[in-house]
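Hi,

Here is the structure I promised to pass on to you. Please have it open while you read, and my notes follow just below.

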Amino acid sequence: MEKLIVRGGHRLHGTVRVSGAKNAVLPIIAASVLGTEGSKIAEVPELEDVSTICKVLECLGIRVDRSEPHVLKIDSRNITGWEAPYDLVSTMRASFLVMGSLLARVGRAKISLPGGCAIGTRPIDIHLKGFEALGATIKQSHGSVEALAPNGLTGTTIYLDFPSVGATENLMMAASMAKGTTIVENAAQEPEIVDLANYINVMGGKVRGAGTTAIRIDGVKSMPGGEHMVIPDRIEAGTFMVAGAMTQGDIKVENVLCEHLKPLIAKLREAGCIVEEGINDVHVVGPRELKPITIKTMPYPGFPTDMQAQVMAMMCIAKGQSSVLETVFENRFMHVDELLRMGANIKTSGGRAALIEGVPKLYGCQVRATDLRAGAAMVLAGLVADGTTEITDIYHIDRGYENLVSKFTKLGADISRVG
Ligand code: UD1
């Protein structure tokens with residue numbers, strides 16, 4: 001079994017370039033099902049999750065050419081299937097995002113119930129309620145969901161009970177070829193939603209208002225396809241920024257849109273870091289001693305839940321008491337037990353709140369990457385721990401970080417992959 005070995009104690013310095021955003025590219029690839037000709041997507045990160053969603057497209061009869069690095073050429077002229085099998089959906093919840101585009105393009109979709117990171121129960125009720133509002137019939141049986149709209153979908157107004165990122169994306173795709181206009185109210189406002197809307201529009205769709213809480217989608221008869229460049233990964237950028245903060249580092253993170261990182265930048269400044277925002281980069285200098293901070297995760301533009309674990313690793317070495325309130329997911333504290341093994345002082349209550357009393361030192365030991373971002377938190381903790389940290393179950397990390405080892409090595413970290 002492969003492991004990451006991190007030897008702590010090095011101050012990080014230098015420059016690192018962030019890849020295209022995982023959470024933008026996955027819905028964008030799913031939206032490619034809509035195109036009657038095909039698409040070319042650039043700045044595609046080389047990740048396990050990208051391979052998985054490409055396999056889902058291939059199951060539908062779509063041809064995906066990945067011969068050029070970081071570029072996908074998608075030939076979606078012929079759709080021959082409408083089912084996403086269990087083995088693919090079970091490893092990645094985002095496979096469920098092909099449901100909206102399949103419904104729009106061929107009027108039917110059958111998808112196994114999703115898996116992915118084991119954070120909370122993660123239901124799909126908001127997606128299904130939206131598809132039904134657009135006129136689809138939903139059947140659930142034997143671990144699969146089937147949606148049918150043999151005569152097409154019809155635009156309507158849909159209010160989301162929670163601004164779910166995946167449901168907003170799925171409904172934008174489904175509505176893009178519906179008859180008439182759809183308004184998605186209480187929509188998610190994440191930058192990845194805006195990137196998907198931009199892609200749908202270059203393909204020939206008509207989406208307005210993405211990035212606000214009300215998105216208007218005017219259905220079109222068909223969409224040929226188009227060319228698109230994926231936005232930078234704000235969570236990968238944030239992970240490097242926290243690494244700089246924790247190691248008394250001095251690092252420049254390139255290919256960053258600071259506009260997408262406002263809550264993290266504010267919190268790093270509160271913790272005592274110097275953060276200089278450039279047009280396409282950000283420079284972070286970590287302090288000698290980190291100050292304690294408080295975070296509450298929220299839908300965008302609030303503090304991102306996908307940075308909660310990494311920032312908790314930072315809180316573990318701040319001087320004083322920090323706190324975390326996780327409001328987006330239930331049970332997103334699986335990294336706490338692993339941080340405790342390294343000597344952290346954390347008390348949780350109710351699965352959503354944590355108090356973190358900073359300790360002078362963390363100690364390297366064997367820990368697990370319990371999910372993708374928890375895995376990143378283990379790497380960060382390992383960078384400052386005394387001795388060697390061995391991280392297992394690193395397939396979670398591979399789902400979302402491209403070339404993590406070489407990027408950290410270039411910044412001066414002592415990290416290697418073995419096994
Ligand atoms: C996306 C991101 C993930 C991020 C999350 C929140 C991708 C591929 N993944 O996941 O990295 O952590 O946004 O920013 O973009 N919910 C329901 N019913 C639903 C849908 C969601 O109750 O039908 C709940 C979930 O259980 C969760 C919350 O809503 O508690 C947020 O989920 P959602 O915004 O849908 O996250 P994902 O799209 O799955």
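How far does a polar side-chain atom of Asn23 lie from an oxygen atom of the ligand? The distance is 3.0 Å, which puts the pair among the polar contacts (N or O atoms within 3.5 Å; within protein, one must be able to donate a hydrogen and the other to accept it, and residues adjacent in sequence count only if both atoms are side-chain atoms).

Before going on, please note that this is a predicted model, where local features need pLDDT of at least 70 and side-chain atom pairs count only at pLDDT 80 or more, while totals for chains, interfaces and linings use all residues. Residues are numbered from 1 along each chain as its sequence is written, and side-chain values use heavy atoms, with hydrogens and water left out.

A polar backbone atom of Val165 is 2.8 Å from a ligand oxygen atom, and an N or O atom in the side chain of Arg332 is 3.5 Å from an oxygen atom of the ligand. On its own the ligand has 740 Å² of accessible area, and the protein covers 85% of that (Shrake-Rupley method with a 1.4 Å probe; for residues, only the protein chains shown count as cover).

There are 17 residues around the ligand, and Asp125, Ile126, Ser164, Asp306 and Val328 come nearest (a residue is near if one of its heavy atoms lies within 4 Å). By class, this shell has seven nonpolar, five polar and five charged residues (Ala, Val, Leu, Ile, Met, Phe, Trp, Tyr, Cys and Pro count as nonpolar, Asp, Glu, Lys and Arg as charged, and the others, Gly among them, as polar). Helix α5 (125-133) and helix α6 (165-175) each supply at least two shell residues, and α5 gives the most, with three (helices are DSSP runs of H or I with at least four residues, strands are runs of E with at least two, numbered from the N terminus).

Helix α6 also has helix neighbours to look at. With α7 (residues 191-203), α6 packs at an angle of about 10°, and the axes are 10 Å apart (lines fitted to C-alpha atoms, for helices over the stretch in contact, with angles from 0 to 180 degrees between N-to-C directions). The two helices are therefore roughly parallel (angles under 35 degrees; over 145 is roughly antiparallel, 65 to 115 roughly perpendicular and the rest oblique). Val165 and Met172 of α6 are among the residues in this contact, as are Ile193 and Leu196 of α7 (heavy atoms within 4.5 Å).

Helix α4 (residues 98-106) packs against α6 at about 10° as well, with axes 7 Å apart, so α4 is roughly parallel to α6. Here Met99, Gly100, Ser101 and Ala104 of α4 meet Asn170, Met173 and Ala174 of α6.

Finally, the backbone: the Tyr300 to Pro301 peptide bond is cis.

Best wishes
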